[in-house]
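Thanks for making time. I will go through one model this morning, and I will keep to the packing.

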Amino acid sequence: MPVEPLSQEEIEERLAQLPGWSLDDGRLTRSYRLASHFAATAMVVHIAQVQEDLDHHSDLALGYNSVSLAVHTHSAGGAVTEKDVELARRVEDLAAGHGAH
């Protein structure tokens with residue numbers, strides 16, 4: 001079943017529930033700061049597991065003590081869909097456990 005793009009209004013409604021996330025160049029984006037490179041690396045591994053579970057993957061970048069994500073749905077023509085919102089929610093849920101802010 002094809003995934004439908006969200007309207008601008010729907011994206012804004014979802015973002016209101018996702019602190020720190022924004023729409024940037026047609027993608028949901030978020031950056032986190034962590035206490036150390038090891039903590040950031042652990043969070044990347046955890047995010048990778050969530051992405052595998054959802055079968056939906058973001059552009060994921062690891063910095064010295066930072067993690068950044070950008071996600072959209074290729075099968076919906078690069079639009080933002082509920083799949084992207086679900087990934088963002090799952091990442092938000094795990095971020096605090098890694099001390100990310």
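First, the ground rules. This is a predicted model, in which local features need pLDDT of at least 70 and side-chain atom pairs count only at pLDDT 80 or more, while totals for chains, interfaces and linings use all residues. Residues are numbered from 1 along each chain as its sequence is written, and side-chain values use heavy atoms, with hydrogens and water left out.

On to the core. A nonpolar core here is a set of buried Ala, Val, Leu, Ile, Met, Phe, Trp, Tyr and Cys residues joined through side-chain atoms within 4.5 Å. Buried means under 20% relative accessible area, exposed means over 50%, and partly exposed is in between, with a 1.4 Å probe and protein chains only. The largest such core has 25 residues, and those with the most contacts inside it are Trp21, Leu28, Tyr32, Leu34, Met43, Val67 and Val91. Two or more residues each come from α1 (8–15), β2 (27–33), α2 (37–54), β4 (66–71) and α3 (82–95). Those labels are DSSP runs numbered from the N terminus: helices are H or I with at least four residues, strands are E with at least two. In general, nonpolar side chains in soluble globular proteins tend to be buried together.

Take Val91 as an example. Contact means heavy atoms within 4.5 Å. Leaving aside neighbours within four places in sequence, Val91 is in contact with Trp21, Tyr32, Met43, Ile47 and Leu69.

Now the helix pair. How do α2 and α3 pack? Their axes are 10 Å apart, at an angle of about 145°. The axes are lines fitted to C-alpha atoms, for helices over the stretch in contact, and angles run from 0 to 180 degrees between N-to-C directions. From α2, Met43, His46, Ile47, Val50, Gln51, Asp53 and Leu54 meet Glu86, Leu87, Arg90, Val91, Leu94 and Ala95 of α3. By class, that contact has eight nonpolar, two polar and three charged residues. Ala, Val, Leu, Ile, Met, Phe, Trp, Tyr, Cys and Pro count as nonpolar, Asp, Glu, Lys and Arg as charged, and the others, Gly among them, as polar.

Next, α1. Its buried residues are Ile11, Arg14 and Leu15. Seen down the helix axis, they fall within an arc of 100°, so they line one face of α1; the arc is that of the directions from the axis to the C-beta atoms. They pack against β1 (22–24), β2 and α3. Why does arginine 14 count as buried? Because its relative accessibility is 18%. Beyond four places in sequence, Arg14 touches Leu6, Glu82, Val85 and Arg89.

Threonine 29 lies in strand β2 and has 14% relative accessibility. Not counting residues up to four places away, Thr29 touches Gly20, Trp21, Ser22, Asp24, Leu69 and Ala70. Valine 44, in helix α2, is buried at 18%, and with the same exclusion it touches Leu60, Leu62 and Val67.

Last, the loops. Aspartate 25, in the loop between β1 and β2, has a positive phi near 55° without being a glycine, and it is exposed at 75%. Aspartate 55, in the loop between α2 and β3 (59–62), has a positive phi of about 55° and is exposed at 58%.

That is what I have; questions are welcome.
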